[in-house]
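Please keep the view open beside you as you read.

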Amino acid sequence: MDLLIHPDLTGWEWKDEDEYAHVRRLGIVSDTEHQAVDDARAQVLAMLADRAGVFAHVERWAAWAWEPAWPTPRLPRPTVAAKRVAPAGG
């Protein structure tokens with residue numbers, strides 16, 4: 001479950017609830033796992049309401065900007081994969 005929060009913390013919405021409901025119907029997410037998700041959702045909404053945890057310094061995060069002098073991030077070069085050899089007899 002993704003939680004989309006307005007940058008100024010004045011509003012929020014859950015994303016992908018339809019998909020989550022679908023995996024619940026299919027039994028992919030157990031009742032125990034669902035309870036853990038509900039508990040986590042309640043915890044994050046409480047932090048948001050209290051402006052606690054990651055939401056404690058919203059002004060600082062809202063003012064963050066990429067420093068133009070920083071180099072562009074680059075992914076590491078791919079490594080050559082070892083050649084796979086089938087096991088004897090198979």
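Which residue forms a salt bridge with Arg 41?

1. It is Glu 17, and the closest N and O atoms of this salt bridge are 3.2 Å apart. A salt bridge here is a side-chain nitrogen of Lys or Arg within 4 Å of a carboxyl oxygen of Asp or Glu. The pair links distant parts of the chain, 24 residues apart: Glu 17 belongs to helix 1 (residues 17-26) and Arg 41 to helix 2 (residues 31-50). Helices (H or I, at least four residues) and strands (E, at least two) are DSSP runs, numbered from the N terminus.

2. A word on the basis: this is a predicted model, in which local features need pLDDT of at least 70 and side-chain atom pairs count only at pLDDT 80 or more, while totals for chains, interfaces and linings use all residues. Residues are numbered from 1 along each chain as its sequence is written, and side-chain values use heavy atoms, with hydrogens and water left out.

3. How many salt bridges does a search of the whole structure find? There are 2, and Arg 24 with Asp 31 forms one of them, at 3.2 Å from N to O. Asp 31 is exposed, at 60% relative accessible area, whereas Arg 24 is partly exposed at 24%. For the other pair, Glu 17 is partly exposed at 39% and Arg 41 is buried at 17%. Buried means under 20% relative accessible area, exposed over 50%, and partly exposed in between (1.4 Å probe, protein chains only).

4. Now look along helix 2, where Arg 41, Val 44 and Leu 48 are buried. They cover an arc of only 70 degrees around the axis, so they lie on the same side of helix 2; the arc is that of the directions from the helix axis to the C-beta atoms. On the face turned away from that buried side you will find the exposed residues Asp 31, Thr 32, Gln 43, Ala 49 and Asp 50. Just after helix 2, Arg 51 has a positive phi of about 55 degrees.

5. What covers the buried residues of helix 2? The cover includes strand 1 (2-5), strand 2 (12-15) and helix 1. Trp 14 touches Arg 41, Val 44 and Leu 45, among others, leaving aside residues up to four places away in sequence; contact means heavy atoms within 4.5 Å.

6. Finally, the largest nonpolar core has 6 residues: Leu 9, Trp 14, Val 44, Leu 48, Phe 55 and Val 58. Such a core is a set of buried Ala, Val, Leu, Ile, Met, Phe, Trp, Tyr and Cys residues joined through side-chain atoms within 4.5 Å.
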